[in-house]
Amino acid sequence: MPVHLTSQGNRVWIETRVVPRSSRDEIKGVRDGILQVRVRSAPLQGQANEAARTLIAEALGICPTAVKLERGAATRYKKWAIEGLSLSEVQESLKRYPDIS
């Protein structure tokens, strides 16, 4: 199943499920349209959120400041706003991950 993305103007939203304290930082795939992100950081003082933001930015080839947490600061399920990329650019960037369509 492809990752569910929404867009408006020059902003794209992506939903993730972040798993903290994983063995490595990685984008693991998609489940029910939600991007699965694993990070080594603990969920303390926003460390896991920051690690997830950095990982998403690296996957998209953009600066981490262009990835903003919109919802879910204290939960595993998060909604991120990606600024400066079109919907098709985000989709194209995610294609290099084999578990993401």
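I looked up the surroundings of S41 and found that, residues up to four places away in sequence aside, S41 touches P20, R21, Q47, A48 and A51. I note that the model is predicted.

I located S41 in the loop between β4 (34-38) and α1. I recorded S41 as partly exposed, because its relative accessibility is 24%.

I compared its length with expectation: at 1.5 Å a residue, the 14 residues of α1 should span 20 Å, and the end C-alpha atoms are 20 Å apart, so the two agree.

I then asked how many residues of α1 are buried. The count is ten of the 14, so α1 is largely enclosed by the rest of the structure. Among the buried residues I listed A48, A51, L55 and I56. I traced what the buried residues of α1 pack against: β2 (11-19), β3 (26-31), β4, β5 (67-71), β6 (77-83) and α2 (87-94).

I examined N49 separately. N49 counts as buried because its relative accessibility is 14%, under the 20% cut-off. Beyond its neighbours within four places in sequence, N49 is in contact with L69, A73, K78 and W80. With K78 I found a polar contact, side chain to side chain, at 2.7 Å.

Finally, I inspected the residue just after α1: G61 has a positive phi of about 70 degrees.

Notes. Residues numbered from 1 in each chain as written. Predicted model: local features only at pLDDT ≥ 70, side-chain atom pairs only at ≥ 80, totals over all residues. Heavy atoms only, no water. Buried < 20%, exposed > 50% of the residue type's maximum accessible area, 1.4 Å probe, protein only. Polar contact = N/O pair within 3.5 Å; in protein donor to acceptor, adjacent residues only side chain to side chain. Contact = heavy atoms within 4.5 Å. Helix = DSSP H or I, 4+ residues; strand = E, 2+ residues; numbered from the N terminus. Expected span 1.5 Å × (residues − 1).
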